[in-house]
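Subject: Structure handover

Hi,

Here is the structure I promised you. Have a look at it first, and then read on for my notes.

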Amino acid sequence: MTEPSADTWTARILTLFPEMFPGPLGQSLAGKALEKGIWRLETMDIRGFATDRHRTVDDTPFGGGAGMVMRPDVVDAALEAATADGLKPAIYLTPRGRLLKQELVQELAAGPGLVVLCGRYEGLDERVIEARGLLEVSLGDFVLSGGEPAALALIDACVRLLPGVMGAEATLAEESFNTGLLEYPHYTRPAEWSGRSVPEVLMSGHHEKIRRWRQEQAEETTRLRRPDLWDAYRKRKA
Ligand SMILES: C[S@@+](CC[C@H](N)C(=O)[O-])C[C@H]1O[C@@H](n2cnc3c(N)ncnc32)[C@H](O)[C@@H]1O
């Protein structure tokens with residue numbers, strides 16, 4: 001781990017597989033921003049905090065059952081080191097957590113960064129989650145084999161909101177979820193493709209008509225695909 005910096009957004013990842021990082025975060029927008037020093041990525045190998053000869057990080061579950069559980073003493077020591085300079089929040093990625101939404105991504109991007117703990121096996125001993133007051137976050141109602149792909153997704157979503165990462169900040173304002181709606185559909189050249197043409201209004205050059213069409217499309221798509229978002233949007237507008 002390198003020296004902590006007070007003003008650079010930092011993702012500090014606790015993992016049993018540090019070689020999975022930066023992975024996709026080293027490419028494209030996030031990768032360029034990483035190179036430019038707009039954000040920092042630090043990995044800490046949880047296994048380095050095991051104390052026995054075999055560097056054991058897991059054990060069998062009390063009460064029986066399949067699989068292994070990550071030991072609280074080892075994970076706690078890793079968290080102690082990861083949070084020593086005050087970086088927070090400390091997040092545990094788990095299907096049992098609060099569903100990740102753009103609001104939380106925005107909150108995290110506006111802060112100093114995050115410490116993110118990637119689970120493996122059946123997950124983490126509950127006592128360390130309680131003792132450390134970890135913020136439990138889920139990527140969705142499905143089960144990954146480890147927290148690393150979830151950490152990559154969470155960090156990617158945060159990094160693209162950092163100032164200077166995306167070229168046109170205006171595109172962020174119109175994206176899905178920012179307005180409370182899903183985004184309108186996009187089209188580019190060629191204007192005719194495979195017997196399908198681009199909606200005429202988009203070729204009109206009439207900015208107000210285009211704006212209105214996009215708004216209608218965003219509303220209709222949200223109403224049809226995500227009644228939950230649509231209800232919340234209408235309540236806010238009422
Ligand atoms: C095989 S999973 C454990 C699943 C756990 N036994 C359960 O049923 O909830 C191993 C690790 O993957 C990560 N993981 C799996 N699915 C996830 C999701 N939907 N969101 C965030 N992390 C997830 C967690 O860190 C978890 O500890």
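A residue counts as near a molecule when its C-beta atom, placed from the backbone, lies within 6 Å of that molecule. Strands, for their part, are DSSP runs of E with at least two residues, numbered from the N terminus. With that in hand: strand S5 (residues 90–99) gives the largest share of the shell around the ligand, four residues. Please keep in mind that this is a predicted model.

**The ligand shell**

The ligand has 19 residues around it, and the closest are Leu 93, Gly 119, Gly 123, Leu 144 and Gly 147. By type, the shell splits into eight nonpolar, eight polar and three charged residues.

The UniProt entry, which is unreviewed, has a "binding site" annotation on Gly 119, Leu 139, Gly 140, Asp 141, Phe 142, Val 143 and Leu 144. Gly 119 and Leu 144 are among the closest residues to the ligand and are also in that annotation.

- Leu 139 sits in the loop between strand S7 (135–138) and helix H5 (148–159). It is partly exposed because its C-beta has 19 neighbours inside 10 Å, while buried would take 20 or more. Setting aside residues up to four places away in sequence, Leu 139 touches Leu 100, Ala 150 and Ala 153.
- Leu 144 is in the loop between S7 and H5. With 17 other C-beta atoms within 10 Å, Leu 144 is partly exposed. Not counting residues up to four places away in sequence, Leu 144 touches Pro 149 and Ala 150.
- Asp 141 is found in the loop between S7 and H5 too. Asp 141 has 7 C-beta neighbours inside 10 Å, so it counts as exposed. From its C-alpha to that of Asp 58, 83 residues apart along the chain, the separation is 25 Å.

Ala 150 turns up as a contact of Leu 139 and of Leu 144.

**The overall fold**

The protein chain has eight helices and nine strands, and it is divided into domain 1 (9–159) and domain 2 (169–237). The C-alpha centres of the two domains lie 35 Å apart. Along its principal axes, the C-alpha trace spans about 70 × 40 × 40 Å.

Of the 238 residues in the chain, 24% are buried. Taking the contacts with a separation of 6 or more, 76% are between residues 24 or more positions apart.

**Two buried residues**

Ile 155 lies in helix H5 and is buried because it has 25 C-beta neighbours inside 10 Å. Leaving out residues up to four places away in sequence, Ile 155 touches Ala 11 and Leu 25. The C-alpha atoms of Ile 155 and Arg 53, 102 residues apart along the chain, are separated by 34 Å.

Leu 181 belongs to the loop between H6 and strand S8 (192–193). It has 22 C-beta neighbours inside 10 Å, so Leu 181 counts as buried. Its contacts, leaving aside neighbours within four places in sequence, are Ala 218, Glu 219, Thr 222, Leu 229 and Tyr 233. Between the C-alpha atoms of Leu 181 and Leu 25, 156 residues apart along the chain, there are 27 Å.

Most residues other than glycine have a negative phi, and most peptide bonds are trans. Here are some spots to look at with that in mind.

The peptide bond from Phe 21 to Pro 22 is cis, with omega near 0°, and Pro 22 is in the loop between S1 and helix H1 (28–36). Another cis peptide bond joins Arg 189 and Pro 190, with omega at about 5°; Pro 190 is found in the loop between H6 and S8.

As for phi, Ser 28 has a positive value near 50°. This serine is in helix H1, and it counts as exposed because it has 11 C-beta neighbours inside 10 Å. Ser 194 also has a positive phi, near 55°. Its place is the loop between S8 and strand S9 (196–197), and with 5 C-beta neighbours inside 10 Å Ser 194 is exposed.

**Confidence**

The mean pLDDT of the chain is 95, and 96% of its residues reach 70 or more.

Cheers

Notes. Residues are numbered from 1 along each chain as its sequence is written. This is a predicted model: local features need pLDDT of at least 70, side-chain atom pairs count only at pLDDT 80 or more; totals for chains, interfaces and linings use all residues. Ala, Val, Leu, Ile, Met, Phe, Trp, Tyr, Cys and Pro count as nonpolar, Asp, Glu, Lys and Arg as charged, and the others, Gly among them, as polar. Domain bounds come from an automatic or database domain assignment. A residue is buried if 20 or more other C-beta atoms lie within 10 Å of its own, exposed if 12 or fewer, and partly exposed in between; C-beta atoms are placed from the backbone. Two residues are in contact if their C-beta atoms, placed from the backbone, lie within 7 Å. UniProt positions are given in the numbering used here, feature names are shortened, and annotations may be inferred rather than shown by experiment. pLDDT is the predictor's confidence in each residue, from 0 to 100.
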